[in-house]
Amino acid sequence: MKVMGLLIALSFAAGSGAQQSEHDKIASGPFSTDELQSFRAVEPIDTHAHVFAADGFVALLERLNLHILDILVVDDMSPTHKDLSRQRSEAMDVVRASHGYAALCTSFDPYSFNQPGYAKNVIRGLDEDFDNGAIAVKLWKNVGMEIKDANGHYLMADNPVFAPIFQDIAARNKTLVAHLADPDSGWQPPNPASPDYEYYRDHPSAYMYGKKGVPSKEEILRARDHVLEQNPNLRVVGAHLGSMESDLDELGRRLDRYPNFAVDIAARVPYFEMQPRERMIAFITKYQDRLIYGTDVDYAGGAESSLGWIESVYANDWRYFATSDTIEYKGKQVKGLSLPDTVLRKIYHENAVKWFPGIVKPR
């Protein structure tokens, strides 16, 4: 799920708020000078981005002192993501132009899983990407939610066809980024109050509600958990809070159960903002070693205004986690968490370095 589609509903107050009282002032827009200095100081890393053009974006990375993990996705329903070779070429151009600020997360084609020699061919391609610097591999939600076998059964992450691939990823000391399943609202009636309402409105193919014979979310996550159990040496980062954004207690139980499992927070900050402030501070503090910053920003070149909007995503996330400023989400005023520097450093930098070895290379 793209961050622009998810967060476009964010309704930030216009202007600097200079005409408002200090109590009512709502923080919004790109970084101020002081905010930027604080953000740069944590050496931030965004472990969930999709960037396929260097123009302007590399300058933004340098301005923010920001590293990114540039992720490929194989999706035959998307005109921009169905061609893995093209994505790889464009992303590698970004990596080469980034002066060390970008690293590659490769992927593989799950649609051909029933072809002879499938696992060997995938491993050959992944190993070539690893040799060329890729540090991670993306497994996307079309496994579990779209692809079927010849008998009409949905392909799940714990299908034996993937076992040699997972073993190779672990043997090469790389990380699996697993976006499996989606928010609960993907299986529920339309709800305009949901953070994902606009996404499913605009992407009906991903909307499971009302479709006959589709797997439940619980079934998909059970298969994901089975992979974690079968591959204790495989580092797995669950994208988008591991698709457990609506039940933080359940997410905590998974993190407690599987030491090889961490999650990124990409495009799920609105779910945090909907929770009571003290509850979020307690949850993040408890799992500060297993939460990794990400956004799901998507950039393929374009107007300078797009880059300004992307900077605003980083700035507003920072205000929520690092300050006690007031921000706004769907008409609700939310006070920032003002997390301690030690926790911020873990979420924004240290956890990414631990779970994605090689994401920051010596200069």
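**Helix packing**

Tutor: In this model, the axes of helix α5 (residues 118–131) and helix α7 (residues 163–171) approach within 9 Å and cross at roughly 20°. That angle makes α5 roughly parallel to α7, where angles under 35 degrees count as roughly parallel, over 145 as roughly antiparallel, 65 to 115 as roughly perpendicular and the rest as oblique. The model is a predicted one: local features need pLDDT of at least 70, side-chain atom pairs count only at pLDDT 80 or more, and totals for chains, interfaces and linings use all residues. Residues are numbered from 1 along each chain as its sequence is written, and side-chain values use heavy atoms, with hydrogens and water left out.

Student: How are two packed helices described in general, and how are the axes and helices defined?

Tutor: Two packed helices are described by the angle between their axes and the distance between the axes. Axes are lines fitted to C-alpha atoms, for helices over the stretch in contact, and angles run from 0 to 180 degrees between N-to-C directions. Helices (H or I, at least four residues) and strands (E, at least two) are DSSP runs, numbered from the N terminus.

Student: Which residues of α5 and α7 make the contact, and in which hand does α5 pass α7?

Tutor: Contact means heavy atoms within 4.5 Å. α5 passes α7 in a right-handed crossing; a crossing is left-handed if the near helix is turned anticlockwise from the far one by less than a right angle, and right-handed if clockwise. From α5 the contact is made by Tyr118, Ala119, Val122, Ile123, Leu126, Asp127 and Phe130, and from α7 by Pro164, Ile165, Asp168 and Ile169.

Student: At what angle do α11 and α13 pack, and at what angle do α2 and α14?

Tutor: Helix α11 (residues 248–257) and helix α13 (residues 277–286) pack at about 10°, with axes 12 Å apart, and are therefore roughly parallel to each other. Leu248, Asp249, Leu251 and Gly252 of α11 meet Arg279, Met280 and Phe283 of α13. For α2 and α14 the angle is about 80° and the axes are 11 Å apart; these two helices are therefore roughly perpendicular to each other. Their contact involves Glu35, Ser38 and Phe39 of α2 with Tyr314, Trp318 and Arg319 of α14.

**Aromatic pairs**

Student: How many aromatic pairs does the structure hold?

Tutor: Rings of Phe, Tyr and Trp (its six-membered ring) pair if their centres lie within 6.5 Å; planes under 30 degrees apart count as stacked, over 60 as edge-to-face and the rest as tilted. The structure holds 17 aromatic pairs. Phe39 and Tyr348 form an edge-to-face pair, at 5.9 Å centre to centre and 85° between the planes. Phe39 lies in helix α2 (residues 33–41) and Tyr348 in helix α15 (residues 341–355), so the pair ties together parts that are 309 residues apart in sequence.

Student: Are Phe39 and Tyr348 buried or exposed?

Tutor: Buried means under 20% relative accessible area, exposed over 50%, partly exposed in between (1.4 Å probe, protein chains only). Phe39 counts as buried at 0% relative accessibility, and Tyr348 counts as buried at 0% as well. In another pair, the ring centres of Phe272 and Phe321 are 6.3 Å apart and the planes stand at 85°, so this pair is edge-to-face. Phe272 lies in helix α12 (residues 269–273) and Phe321 in helix α14 (residues 304–322), so the pair ties together parts that are 49 residues apart in sequence. Both Phe272 and Phe321 are buried.

Student: Which residues form one aromatic cluster?

Tutor: The cluster is formed by Phe31, Phe39, Phe272, Tyr293, Tyr314, Trp318, Tyr320, Phe321 and Tyr348. Tyr320, found in helix α14, is buried with a relative accessible area of 1%. Beyond its neighbours within four places in sequence, the contacts of Tyr320 include Val269, Phe272, Met280 and Leu337.

**Backbone angles**

Student: Where does His99 lie, and what is its phi?

Tutor: His99 lies in the loop between α4 (84–97) and β3 (102–107). Its phi is positive, about 55°, although His99 is not a glycine. Lys330, in the loop between β10 (326–329) and β11 (332–335), is likewise a residue other than glycine with a positive phi, near 50°. Lys330 is partly exposed, with a relative accessible area of 30%.
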